[in-house]
Amino acid sequence: MVPQDPYILLSYVNTKLRDEYASLDALCDGLDESKTELAGKLSGAGYAYDPDTNQFKPI
């Protein structure tokens, strides 16, 4: 279960991407989360996934 607060979720996801997963797809598969829903929650907080740096950054 991932955090529901978008800013805690941002920190959680970026830490997981940095330390454990090589891509957003791998993270979503590993955590059994929907990529669309996860990206949507973070987009609503003003962040988008950058595959070049493998992290969510401000839009």
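I take buried to mean under 20% relative accessible area, exposed over 50% and partly exposed in between, with a 1.4 Å probe and protein chains only. At 19% relative accessibility, aspartate 50 therefore counts as buried.

**Basis.** I note that the model is predicted: local features need pLDDT of at least 70, side-chain atom pairs count only at pLDDT 80 or more, and totals for chains, interfaces and linings use all residues. Residues are numbered from 1 along each chain as its sequence is written, and side-chain values use heavy atoms, with hydrogens and water left out.

**Aspartate 50.** I located aspartate 50 in strand 1. Its side chain makes a polar contact with the side chain of threonine 53 (3.2 Å). I count as a polar contact a pair of N or O atoms within 3.5 Å; within protein, one must be able to donate a hydrogen and the other to accept it, and residues adjacent in sequence count only if both atoms are side-chain atoms. Leaving aside neighbours within four places in sequence, I found aspartate 50 in contact (heavy atoms within 4.5 Å) with Gln55 and Lys57.

I read helices (H or I, at least four residues) and strands (E, at least two) as DSSP runs, numbered from the N terminus. Strand 1 (residues 47-50) pairs with strand 2 (residues 55-58) in the antiparallel sense over four bridges; pairing requires that DSSP find at least two bridges between the strands. I identified lysine 57 as the bridge partner of alanine 48. Four residues stand between the strands, and asparagine 54 takes a positive phi near 55°.

**Helix 1.** I looked up residues 6-19: these 14 residues reach 20 Å from first C-alpha to last, close to the 20 Å expected at 1.5 Å a residue, where the expected span is 1.5 Å times one less than the number of residues. I listed Leu9, Leu10, Val13, Asn14, Lys16 and Leu17 as its buried residues. At the start of the helix, a side-chain oxygen of aspartate 5 reaches to within 3.0 Å of the backbone nitrogen of tyrosine 7.

**Whole chain.** I read the pattern as α-α-α-β-β. Of the 59 residues, 31% count as buried.
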